[in-house]
Amino acid sequence: MSAIQNQPVSRDQAKVMRRADLTRRLVARLKHEEAVIGGIGFSNFDLFGAGHRAQNFYMLGSMGLAVPIALGVALAQKQRRVFALEGDGSLLMQLGALGTVATQRPTNLCIVVLDNGAYQITGGQMAASGAGTDLIAIARASGLAQSAWAADETAFEEMVDRALTEDGPFVIGCRIDNARPEKQTPRDPSRIRDDFMRGLGVKK
Amino acid sequence: MPDAAALPPWHQIVLDTFKQNDIRLIPYVPDNVLRPLIEGVHADPFFHAFTCAREEEALGIAAGAWMGGLRSMVLMQTSGFATLANVIASLAVPAQIPVLMMVSERGTLGEFNQGQALVARTMRPVMDALAMEHHTITRLDETGFIVDRTIRQAVATQAPATLILSPLLTGGKAQP
């Protein structure tokens, strides 16, 4: 991502942003039925809070699998852009998935890492990301060269626009707050899956 | 059932049955017994086969691919299945995603590794506790039928299923 070269920031330099606001900014830029996989907990609650879309999959369990699920969708539908929203604790649980994405090189995949350095939903216990583990550096070292921290909201939107128009895979790191989500996703996994498949045109 | 002497090897029957059922994506964690099947799907451009770091990652990829309209078979060995109870219980079953798994069975009929022998005992109880369909393939002449019907039923009922390849079929791994 050339925006990255223009605005090189480390995790420490990146602005701490509002998770719900960033999610709304992402969703507002999706004009072509892009798929979004919301990871466990607040990541998918805020995705639902940003307004339900038929192309959203809200992952209610299976912590760490937002990126693999998004990779599966990206491999199945190469014409569609696919986003994974994954928390830092979740990504730490499944770091090997970054290497798999790097070897598969899906040009239509963008991973958004929402990093508050903590396991927020369980009480805010510190994650390794809160003690110096840099998930964007890990993504780069995994072979995902187009990985960068978003310096601020404007940089985030520029990076999303690149992920929507240029060849990926991309990884966008976002420092986020620890706010409670505004809404909770209805807990009906079979309906979520059915809606998503219809949203992707797989079921009529 | 066909005459076993006239049949191709188990891995060729499995590969052909995958094709007949439009199973194209093969995410896997490697296994020595599965090698001829793994080499077969890599050599055939019908398939897209690749390694994953963990079995649950492979299951996530298969779940996403299914929802996007692409069928998968996840390959692993017995010890790998032992890492999957949570993802089957929290993703595949409640979301009604027919994730298909093929497990080469270790831990029985001449196992030399104590860890494999122990973890193998957890496999079928976990499958039964999840009420997940599973079949153990022991005979060459039944291989095509069991693989084909298990795939069809998983897809038709939107439920995950597992195919276990017994050492009786594959020869297993009798030496370290």
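Predicted model: local features only at pLDDT ≥ 70, side-chain atom pairs only at ≥ 80, totals over all residues.
Student: What should I look at to describe the overall build of chain A, and how many helices and strands does it have?

Tutor: Begin with the secondary structure and then turn to the overall dimensions. Chain A has nine helices and eight strands. Its radius of gyration is 15 Å, close to the 17 Å that the globule rule gives for 204 residues, so chain A is as compact as a globular protein of that length. Along the principal axes, the C-alpha atoms of chain A fill a box of roughly 45 × 35 × 30 Å.

Student: What share of the residues of chain A count as buried?

Tutor: Of the 204 residues, 59% count as buried. Taking contacts in chain A between residues at least 6 apart in sequence, 73% join residues at least 24 apart.

Student: Is helix 3 of chain A mostly covered or mostly exposed?

Tutor: Helix 3, residues 42–49 of chain A, is mostly covered, as seven of its eight residues are buried. These buried residues are F42(A), S43(A), N44(A), F45(A), D46(A), L47(A) and F48(A).

Student: Where is T23(A) found, and which residues does it touch?

Tutor: T23(A) is found in helix 2 of chain A. With a relative accessible area of 3%, T23(A) is buried. Not counting residues up to four places away in sequence, T23(A) touches D46(A), L47(A), A50(A) and L85(A). Two of these, D46(A) and L47(A), are also among the buried residues of helix 3.

Student: How should I read a salt bridge?

Tutor: Side chains of opposite charge can pair when their charged atoms come close. A search of the whole structure finds 22 salt bridges over all chains. In one of them, D21(A) pairs with R25(A), and the closest N and O atoms are 2.8 Å apart.

Student: Why are D21(A) and R25(A) separated by about one helical turn?

Tutor: An α-helix has 3.6 residues a turn, so residues three or four places apart point the same way. D21(A) and R25(A) are four residues apart in helix 2 (residues 19–28) of chain A, and therefore about one helical turn separates them.

Student: Are D21(A) and R25(A) buried or partly exposed?

Tutor: D21(A) counts as buried at 16% relative accessibility, because the cut-off for buried is under 20%. R25(A), at 27%, counts as partly exposed. Both residues also belong to a network of salt bridges that links D21(A), R25(A), R29(A), E157(A) and D161(A).

Student: What other salt bridges may I examine?

Tutor: In chain A, the side chains of R193(A) and D194(A) meet in a salt bridge at 3.5 Å, N to O, and both residues are buried. In chain B, R139(B) forms a salt bridge with E142(B), where the closest N and O atoms are 3.8 Å apart. R139(B) is partly exposed, with a relative accessible area of 43%, and E142(B) counts as partly exposed at 25%.

Student: How is the contact between the two chains described?

Tutor: The size of an interface is often given as the accessible area lost when the parts come together. Here the area buried between chain A and chain B is about 2000 Å², of which carbon and sulfur atoms give 66%.

Student: How many salt bridges and polar contacts are counted between chain A and chain B?

Tutor: The count is zero salt bridges, whereas nine residue pairs are in polar contact.

Student: Where is P8(B) placed, and what does it contact?

Tutor: P8(B) lies in the segment before helix 1 (10–20) of chain B and counts as partly exposed at 31% relative accessibility. Leaving aside neighbours within four places in sequence, P8(B) is in contact with I13(B) and L140(B).

How values were computed:
Residues numbered from 1 in each chain as written. Chains lettered and ligands numbered in written order. Heavy atoms only, no water. Salt bridge = Lys/Arg side-chain N within 4 Å of Asp/Glu carboxyl O. Helix = DSSP H or I, 4+ residues; strand = E, 2+ residues; numbered from the N terminus. Buried < 20%, exposed > 50% of the residue type's maximum accessible area, 1.4 Å probe, protein only. Buried area = accessible area lost by both parts, 1.4 Å probe. Polar contact = N/O pair within 3.5 Å; in protein donor to acceptor, adjacent residues only side chain to side chain. Rg over C-alpha atoms; globule rule 2.2 N^0.38 Å. Contact = heavy atoms within 4.5 Å.
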